[in-house]
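Dear colleague,

I am passing on the structure we spoke about, and my notes on it follow below. Please read them with the coordinates open beside you.

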Amino acid sequence: GRDTSLCRTDTFQLFANSKALSFSWTPSTYLNNPNLKAPVTRPDTSITYYVTANLGKCQDKDTINLKVTPYPKANAGRDTSICFQTSGQLNGIIVGSSFNWSPTSTLQNPNTLNPLAGPIRTTNYVLTAYDTLGCPKPFRDTVVVTVIPKVPAFAGRDTIIVVNQPLQLHATGGINYFWTPATGMSEPNVPNPVVKLGHNIDTIRYIVRVSTAEGCFATDDIVVRVFKTAPDLFIPSGFTPNSDGKNDVLRPTVVGMKSLAYFRVYNRWGQMMYSTSEIGKGWDGTFGGKKQTSGSYVYVAEATDYLDNKIVKKGTAVLIR
């Protein structure tokens, strides 16, 4: 037969191209049966086989050389974890003449054994090694890069307070917190510090860095406006719900209040058009899904300030279309 190259640990079927009745292969090393016409071998090293074919008194002989070379080797490295929107370096090792990584869309320098991986979701990267020494088959290894989800940092909603009103912030999303700046703040290294601001501050933006046990982090901010008045409820005298993004909602501005008991709107026949107890919400000028006509509407609101005093406001607001 023809001399052949094969990879170590692969099986190979020999074949004597003859019409003889009996066969003898030597040496018998690695063969499943040296007396078959087509025995199977799995050699660990290169070897030459001799075959003798007999048909009565006639005899013929032939040889075949098997060149055995090891598979190329690939080690893609240890599985690793990275934070969302960060990257980690892969550390591949090969024994072979060439290689490639797959997929490459989230790799920097994928033509090196140490590319930077920056996937947005957990990804399996496959390192494939090739050889030109005689084993035509590739060898593959896989490394898993686990992406830790984005840290859901939340500093709270923007708010309004009055001078010297204690405001307790409440950040969420991790296990460690750090606020900046520390202006008027009781403790910057906790999720819920208390802030008290004086007349010298009009508006301030606090930024909180939230980190997790894995060392991942994200930031969020909250804007605090300081009114130089006593705690109060401010309700506009009119609004224009025309969906232009300006003055579309009749909404009470709550200053220095810790809770809103209710904000209700009535038409001129005393029918309630809207009610809420959620700070920041307001009436969009509709009732039962229908736009209400232009005109005056009566409102009433009650809130409790940070000193537990109740404030009640009543009045009219004009809906303008």
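In what order do the strands of the open sheet of three strands lie, and is their pairing parallel or antiparallel? The order is β9-β13-β12, and the pairing is antiparallel; please bear in mind, here and below, that this is a predicted model. Because β9 (88–89) and β12 (107–108) each have a single partner strand, they stand at the edges of the sheet, and one side of each is left there without a neighbour. Between β9 and β13 (residues 116–117) the antiparallel pairing runs over two bridges, and glycine 88 is found opposite alanine 117 of β13.

Turning to the nonpolar cores, the largest has 25 residues, of which Leu169, Trp179, Leu197, Tyr206, Val208 and Val224 touch the most other members. At least two residues of this core come from each of β18 (176–180), β20 (203–211) and β21 (217–227). If neighbours within four places in sequence are left aside, valine 224 is in contact with Thr159, Ile161, Leu167, Leu197, Asp202, Thr203, Ile204 and Tyr206. There is also a second, separate core, made up of 19 residues, and Leu233, Met257, Leu260 and Trp283 are included in it. As general background, nonpolar side chains in soluble globular proteins tend to be buried together.

As for charged pairs, the structure holds seven salt bridges, among them the following.

Glutamate 278 and arginine 157 meet through their side chains at 4.0 Å, N to O. Glutamate 278 counts as partly exposed, with a relative accessibility of 37%, whereas arginine 157 is exposed at 62%.

Another salt bridge joins the side chains of lysine 228 and aspartate 202 at 2.6 Å, N to O, and this pair too links distant parts of the chain, with lysine 228 in the loop between β21 and β22 (232–234) and aspartate 202 in the loop between β19 (194–195) and β20, 26 residues apart. Lysine 228 counts as partly exposed at 38% relative accessibility, and aspartate 202 as exposed at 51%.

Lysine 310 and glutamate 302 likewise form a salt bridge, at 3.8 Å, N to O. Here lysine 310 counts as exposed because its relative accessibility is 61%, whereas glutamate 302, at 17%, counts as buried.

With best regards

Note on methods
Residues are numbered from 1 along each chain as its sequence is written. This is a predicted model: local features need pLDDT of at least 70, side-chain atom pairs count only at pLDDT 80 or more; totals for chains, interfaces and linings use all residues. Side-chain values use heavy atoms; hydrogens and water are left out. Two strands pair if DSSP finds at least two bridges between them. Helices (H or I, at least four residues) and strands (E, at least two) are DSSP runs, numbered from the N terminus. A nonpolar core is a set of buried Ala, Val, Leu, Ile, Met, Phe, Trp, Tyr and Cys residues joined through side-chain atoms within 4.5 Å. Buried means under 20% relative accessible area, exposed over 50%, partly exposed in between (1.4 Å probe, protein chains only). Contact means heavy atoms within 4.5 Å.
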